[in-house]
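Reader: Could you show me the model, so that we can go through it together?

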Amino acid sequence: MAKTLFSYFTIPLFLCLSSLHLVTSFPFASGQIDYNYNYNYYDRSCPRLGMIVKYGVWAAFKNDTRIAASLLRLHFHDCFVNGCDASILLDDTIDFRGEKNSFPNRNSVRGYEVIESIKADVEKACPSTVSCADILTLAARESVVLSGGPYYPLSFGRRDGLTASEKAANEQLPSPIEPLENITAKFTSKGLDMKDVAVLSGAHTIGFAQCFTFKRRLFDFKGTGRPDPTLESLALTNLQGMCPNKDASNSNLAPLDYASTYRFDNAYYVNLVNSTGLLESDQALMGDPRTAALVTAYSSNSYLFSADFASSMTKLSNVGILTGSNGQIRKKCGSVN
């Protein structure tokens, strides 16, 4: 534990240096620049924000080691549906059906209560100051770092969205059984690219997946009545044991990265090179020469993966954000004020 905590609170020098440019501002989809969206946004209004979020994530992780992967996924699913506006945290109302009960999120996405708890602590220290969107974004980074992954630079000043859409979540979130071409198109629509697909898929170095998300690879791949021929035979046997071919096993869990389930490293890419990737969408990265080249590079160079992951996460955190007079600062993350 001492080693884990040491690595958690230690920031590599090259990443500290890379964050020095963060006082610059970001252009948004409208082409406008918000000079109030920056790295130092809460330095005066909520100087303890970083430590409050850091402790909240650590306390949750201490009780549930899965929560790091869950919070990272929660952030991704939020940003991918109409931007990083904390809309995924909103409960359904009489006016809209939100993202929580969409097909990709229902009985799958976790961590809502952790963000709500951190928000309550932040409200005590800095009332009506910090958005849920910024808290979720920061919690995702702390989850990565706590798991042994890279620290990456973030800017703050996001506002919370006023609505959510179950339909948008169903349409915009990538599926683990979609072709790589479709997944890449969804990334491109968010201002991301094929490299970001390969890099951000590396988040699957931690966490678990329910059997129903990959079971067709084990027994009836694309209607053939046979397993996925790209899946290594021993991995196939092990997974068939975890996920027998019956409906009762649909919610069973299997590690996304069996080699180091709770450690953020490049073993995920080694698995893909060895044809032992869990999800169909993961192993598909080896089927395209452009993404396969990245997978091969990351499998042999963990520093390259860490640097590129940091860059892509910073990029993701700026997708479709609301700033200035847009949106609001929610008092509770599950409901609009």
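Author: What follows is a short talk through the overall make-up and a few single residues.

Author: This is a predicted model, in which local features need pLDDT of at least 70, side-chain atom pairs count only at pLDDT 80 or more, and totals for chains, interfaces and linings use all residues. Residues are numbered from 1 along each chain as its sequence is written, and side-chain values use heavy atoms, with hydrogens and water left out.

Reader: How many helices and strands does the protein chain have?

Author: The protein chain has 15 helices and 4 strands, where helices (H or I, at least four residues) and strands (E, at least two) are DSSP runs numbered from the N terminus.

Reader: And what share of the residues is buried?

Author: Of the 337 residues in the protein chain, 54% are buried; buried means under 20% relative accessible area, exposed over 50%, and partly exposed in between, with a 1.4 Å probe and protein chains only.

Reader: Switching topic, which residue does the "binding site" annotation cover?

Author: The unreviewed UniProt entry places that annotation on Pro174, although such annotations may be inferred rather than shown by experiment. Pro174 sits in the loop between α7 (166-172) and α8 (180-188), and it counts as partly exposed because its relative accessibility is 22%.

Reader: What is Pro174 in contact with?

Author: Leaving aside neighbours within four places in sequence, Pro174 is in contact with Phe76, Phe80, Ile183, Lys186 and Phe187, contact meaning heavy atoms within 4.5 Å.

Reader: Is Ala86 buried or exposed?

Author: Ala86 counts as buried because its relative accessibility is 0%, and it lies in the loop between α4 (67-80) and α5 (112-125). Its phi is near 60°, a positive value in a residue other than glycine.
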